[in-house]
Amino acid sequence: MIQEALLEWFDGHHRVLPWRTDRTPYGTWISEAMLQQTRVVTVLDYYPRFLQAFPDPFALSQANEDTVLKLWEGLGYYSRARNLQRGAHYICEHFDGKLPSDPKLLQTIPGIGPYMAGAIASQAFNIPVPAVDGNCIRIYSRLHALPLVPTERSAYNEVYARVLQDIPSDNPGDFNEALMDLGATICTPKSPRCEICPLAASCSAMLLGKQTDFPLPKPKRIIPIEEHTILKVFVGNRVLVNKRPNKGLLAGLFEYVDLPGQLSSEEVVSWVHEHLPVQCAQDNHYDIRVLGHAHHIFTHLRWNILGYELHFSEDHFRDVELNSSLGMLVSEEECAQLAFPTALSAYHAASTTSFTHRPKSKNQS
Ligand code: SF4
């Protein structure tokens, strides 16, 4: 059995993390949601800020969605933040504002799946239920030399059954967390440090000298590519922003003008003359500048982005004629309060130096 060796190692080597020092069901839920697809070091900054702003499910359920998304800005995968808020509504409505301890009931809460239910039940309520994630599948695949494909349901089921046999009834939370820490620090995907691993004596893959042959590689997916042109349109000290629809990719986040395809500067100029209420067609009363290329990979999609920045003087822009489907003009202070997707971070960061009014100048591309 690996219990003893794993728990003894965890006692002496566990990572000190804020959500572990004062463990609560709510804090465990928030930290697990943040840690999905995000590195621990990143979450360290976000977790205390989020807990301070929303200390319990009631506070989170009553918060303005824009405020929640702003505190999530930079963590990516914003559906997690929206699910947390939906989950908070559900907890307030069905469980009187307290997370239940039963893993099955936990999974009725929006955004909580089997892994998170296992993590919350075992760590916050001491219930011996597995929390099987990619780390766990990798470790068990190596321990037992199992040729598992991590993305397949059968791999999850196989490992779940084995962890259920191993998990101690008196300390299930530490056992699950020890597996997480071992996977993050020692039994890593490419370079497992078997020489210091507490489970080395029980590890079949190590005995075979084939640690990195397990688990089997995930099948390669072809990710579709979308081309985008982003326009940061400044009018004096204000910038044009638009809120994305409440459903779909990056729902509810703010963006700059987003046009399909990668447009040349001439095409951008044509678009400006057709869609923006400006009086500068002949006079060159604005700057246009290429901000450069960027890309962002979502789980299922890649964006190739080309960015431009345009500056108009207040005198030559007729606000009242701005088509509301293009968005609204906001000040630097207002813009700083809005949540923008990480996909636009290359262009968003530049805005702090760009809120400078530029008087009449000539075109450049
Ligand atoms: S001995 Fe090596 S491969 Fe086996 S569990 Fe430990 S780190 Fe992973």
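Guide: Start with Glu 255. Strand E3, residues 254-255, holds Glu 255. Strands here are DSSP E runs of at least two residues, helices are H or I runs of at least four, and both are numbered from the N terminus. The model is predicted, so local features need pLDDT of at least 70 and side-chain atom pairs pLDDT 80 or more, while totals for chains, interfaces and linings use all residues. Numbering runs from 1 along each chain as its sequence is written, and side-chain values use heavy atoms, without hydrogens or water.

Glu 255 counts as buried because its relative accessibility is 10%. Buried means under 20% relative accessible area, exposed means over 50%, and partly exposed falls in between, with a 1.4 Å probe and protein chains only. Its side chain has a polar partner: the side chain of Arg 244, at 2.8 Å. A polar contact pairs N or O atoms within 3.5 Å; within protein, one must be able to donate a hydrogen and the other to accept it, and residues adjacent in sequence count only if both atoms are side-chain atoms. Beyond four places in sequence, Glu 255 is in contact with Leu 240, Val 241, Asn 242, Arg 244, Phe 340 and Leu 344. Contact means heavy atoms within 4.5 Å.

Now the domains. The assignment gives domain 1 (3-213) and domain 2 (225-354); such bounds come from an automatic or database assignment. Their C-alpha centres lie 38 Å apart. Across the boundary, eleven residues of domain 1 are in contact with 16 residues of domain 2.

The second largest pocket lies between these domains, because both give residues to its lining. Pockets and cavities are found on a 1 Å grid over the protein atoms alone: in a cavity a 1.4 Å probe fits but cannot get out, a pocket is an open set with protein on both sides within 12 Å along at least five of seven lines, and lining residues have an atom within 4 Å of a point. The pocket's volume is about 420 Å³. Volume is the space filled by probe spheres set on the points, which are joined across faces, edges and corners. The lining has 25 residues, with Gly 76, Tyr 77, Tyr 78, Leu 250 and Phe 298 nearest the centre. Helix H7 (79-94) and strand E5 (286-297) are the elements that give two or more residues. By type, the lining divides into ten nonpolar, twelve polar and three charged. Nonpolar covers Ala, Val, Leu, Ile, Met, Phe, Trp, Tyr, Cys and Pro; charged covers Asp, Glu, Lys and Arg; the others, including Gly, are polar.

The largest cavity holds about 110 Å³. Its lining has 15 residues, with Arg 142, Cys 187, Cys 194, Cys 197 and Cys 203 nearest the centre. Twelve are nonpolar, one polar and two charged. Helix H10 (residues 134-143) gives the largest share, three residues.

H10 itself is mostly covered, with nine of its ten residues buried. Among the buried ones are Asn 135 and Arg 142. The cover includes helices H11 (153-166), H12 (172-185) and H13 (204-208). Asp 133 caps the N-terminal end of H10, with a side-chain oxygen 3.2 Å from the backbone nitrogen of Asn 135. After H10 comes Ala 145, with a positive phi near 50°.
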